[in-house]
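Trainee: Could you take me through this model feature by feature, giving me the general idea each time and then the case at hand?

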Amino acid sequence: MLPGIIIKGIGGFYYVKTEFGLFECKARGIFRKDSFTPLPGDKVSISVSNQDEKVGNIEEIFPRDSQLIRPAVANVNQIAIVIAIKSPQPDFTLLDKLLITVEQKDISAVICINKIDLDKDMEYKNVAESYQKAGYRVLALSSAIETGFDELESALKDKTTAFAGQSGVGKSTILNRVLDSYVMETGKVSDRIERGRHTTRHAELIELKSGGFVVDTPGFSSFELSGLEAGELQNFYPEFRQYFGRCKFTGCMHISEPECEVKAALERGILDYGRHARYVEFCNMLKEKQRKKYS
Ligand SMILES: Nc1nc2c(ncn2[C@@H]2O[C@H](COP(=O)(O)OP(=O)(O)OP(=O)(O)O)[C@@H](O)[C@H]2O)c(=O)[nH]1
Ligand SMILES: [Mg+2]
Ligand SMILES: [Zn+2]
């Protein structure tokens, strides 16, 4: 038995990276019977059926530390959330929802503010500060003027990082630069369709020379928070945690309660207003959802 990691799956075959190279594998029938699908990122052990042709079978899949749904990838331990400072304008609602989801999955996040070449007024510094206050690692990048890549490369080293974010923010361009070769399709979706190119992509782990893997993901424009209630939302704001248990009311939601430490920190400028305002918005949205469900 040989340990390995599934890099990608196409048409019933799984490509497994091992210390003896890449093997083309089939999954044993037992997985199909349990309707359990192996995913890219899965740690597996394979039996080799042909050493020369590098063919084998997946015999065992080890428990997953994490699982992303869209795209389906296992064992991602970091999400790089990419926003563009301009073109398209940053969507902070989307960014905060992504951060909440990442916190729910207990995966770490790094925020990449891209296209800073377009940012004549250096607005990105304010954005960076808001999220640094929340405890996040923030990188400023531009593929156009080749800046920020040393920091990005050190953030990626030895991790399995999925790149996520709105369409057109530059995820694939960043990855092509990091991988030092043209691997990902870039450009506007409409251009790709006009060129008649095949746009559906399978999630694939791509190995970095310096160690670690990256996964590109197709962009999206919105999604709904799921699997949480309004009362729990605060748990997914790392910057609120230090105030837990210090507000006057037990179960304080930090919205309109008196003697709230989170709001006091907001007034002192320690916490970011925008982050809090969107938190209130999400809370109301989740409450409304709960109300509809139980009425
Ligand atoms: N000015 C500027 N343009 C950039 C930069 N990075 C990417 N772009 C452009 O932005 C457009 C979108 O880039 P992509 O890398 O395809 O964006 P994506 O996030 O992968 O988009 P989807 O795959 O649709 O989710 C392309 O036209 C790029 O040339 C940058 O640093 N500066
Ligand atoms: Mg892309
Ligand atoms: Zn409070």
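Mentor: We can begin with a closed barrel of 5 strands, ordered β1-β2-β3-β5-β4 with mixed pairing, where strands are DSSP runs of E of at least two residues, helices are runs of H or I of at least four, both numbered from the N terminus, and two strands pair if DSSP finds at least two bridges between them. The twist from one strand to the next averages 55 degrees, with axes fitted as lines to C-alpha atoms, for helices over the stretch in contact, and angles between N-to-C directions running from 0 to 180 degrees. This is a predicted model, in which local features need pLDDT of at least 70 and side-chain atom pairs count only at pLDDT 80 or more, while totals for chains, interfaces and linings use all residues. Residues are numbered from 1 along each chain as its sequence is written, chains are lettered from A and ligands numbered from 1 in the order in which they are written, and side-chain values use heavy atoms, leaving out hydrogens and water.

Trainee: How many bridges join strand β3 to strand β5?

Mentor: Strands of a sheet pair through backbone hydrogen bonds, either parallel or antiparallel. Here β3 (residues 21-27) and β5 (residues 55-61) run parallel and are joined by 4 bridges, and Lys26 has Asn57 in β5 as its bridge partner.

Trainee: Which strands stand at the edges of the open sheet?

Mentor: The open sheet has 6 strands in the order β10-β9-β8-β11-β13-β12, again with mixed pairing. Its edges are β10 (137-140) and β12 (206-207), each with a single partner strand, so one side of each has no neighbour in the sheet. Helix α4 (residues 149-156) packs on this sheet, touching β8, β9 (108-114), β10, β11 and β13, where contact means heavy atoms within 4.5 Å.

Trainee: Is Gln78 buried or exposed?

Mentor: Buried means under 20% relative accessible area, exposed over 50% and partly exposed in between, with a 1.4 Å probe and protein chains only. Gln78, which lies in strand β8 (residues 78-84), is buried because its relative accessible area is 4%.

Trainee: Which residues coordinate the zinc ion (ligand 3)?

Mentor: Donors are N, O and S atoms within 2.8 Å of the metal (3.2 Å for Na, K and Ca), and sites may look incomplete because water is not among the atoms. For the zinc ion (ligand 3) they are Cys247 (SG), Cys252 (SG), His254 (ND1) and Cys260 (SG), at 2.0 to 2.4 Å, and both Cys252 and His254 are buried.
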